[in-house]
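Please open the model in your viewer and keep a selection tool at hand. The tour below moves from one selection to the next and says what is found at each stop.

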Amino acid sequence: MSTDLYYTIREAGQSKFVEKMSRFLSFALPVTTAEEARALVKKYQNEYHDARHVCWAYMLGADRNEWQLNDNGEPSGTAGKPILGQINSFGLTNVLVIVVRYFGGIKLGTPGLIAAYREAARLVLEAAGKKEMRKMTRLNLTFPYVNMDSVMRLIKGGDIEILERNFDNVCTLLVESPESGAEVFIGKLGKIEGVDIDKII
């Protein structure tokens, strides 16, 4: 069952951190696609156009296999990498962390920058909180009305959520099943006559 679980932020968060007069404003934002993440980066770059650097990193997908980071003019590896490192430390996905730096006149040096960006990311991820999610499989079911009771009994007996329903001579249901139990559910549905199953996700 635990294979279905993954974690993301509970809500959008923001935080502020000062190191040797440099101000670090950090933002944690929920995202589900790279396009969405890039659009938000652009929005924050426009909003904080007077800042010296707008650095960021994101992680996407329930399996945490799509990510990107950007140092935005800071020395290579001193900003995006520690931000992504904190996303990994918290075990999160579907999240974008942006850290805006206003230079305070005192150079922090490579170790100082890494520590500051790491701390800015840690603070905002703590502020955003963490919530548990489940990997789901979406199914479109079509079946004759006479078999509705059998199908509904199966749905009520499992951990299945109905997203859309349309009951007529031919009935259609859009449902979500936890990924780990989807094949068993599909197998049981297959034993009911006239049920057509279309796997969407």
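**Stop one: a pair within a helix**

Begin by selecting Glu35 and Arg38, which are 3 residues apart in helix α1 (residues 34–47) and are therefore separated by about one helical turn; helices here are DSSP runs of H or I with at least four residues, strands are runs of E with at least two, and both are numbered from the N terminus. The model is a predicted one, in which local features need pLDDT of at least 70 and side-chain atom pairs count only at pLDDT 80 or more, while totals for chains, interfaces and linings use all residues. Residues are numbered from 1 along each chain as its sequence is written, and side-chain values use heavy atoms, with hydrogens and water left out.

Glu35 and Arg38 form a salt bridge, their closest N and O atoms being 3.8 Å apart; the term means a side-chain nitrogen of Lys or Arg within 4 Å of a carboxyl oxygen of Asp or Glu. Glu35 is exposed, at a relative accessible area of 54%, whereas Arg38 is partly exposed at 41% (buried is under 20% relative accessible area, exposed over 50%, and partly exposed in between, with a 1.4 Å probe and protein chains only).

**Stop two: other salt bridges**

The structure holds 8 salt bridges, so select next Asp63 and Lys135, whose side chains meet in one of them at 2.7 Å, N to O. Asp63 lies in the loop between β4 and β5 (66–70), and Lys135 in the loop between β7 (130–134) and β8 (136–144), so the pair ties together parts that are 72 residues apart in sequence. Asp63 is exposed at 53%, but Lys135 is buried at 14%.

Then move to helix α3, where Glu126 and Arg122 lie 4 residues apart, about one turn of the helix, and where their side chains meet in a salt bridge of 2.8 Å, N to O.

**Stop three: the nonpolar core**

Which residues touch the most other members of the largest nonpolar core? Of its 24 residues, they are Phe24, Ile83, Ile87, Val97, Tyr117 and Leu125; such a core is a set of buried Ala, Val, Leu, Ile, Met, Phe, Trp, Tyr and Cys residues joined through side-chain atoms within 4.5 Å. Helix α3 gives the most to this core, with 8 residues.
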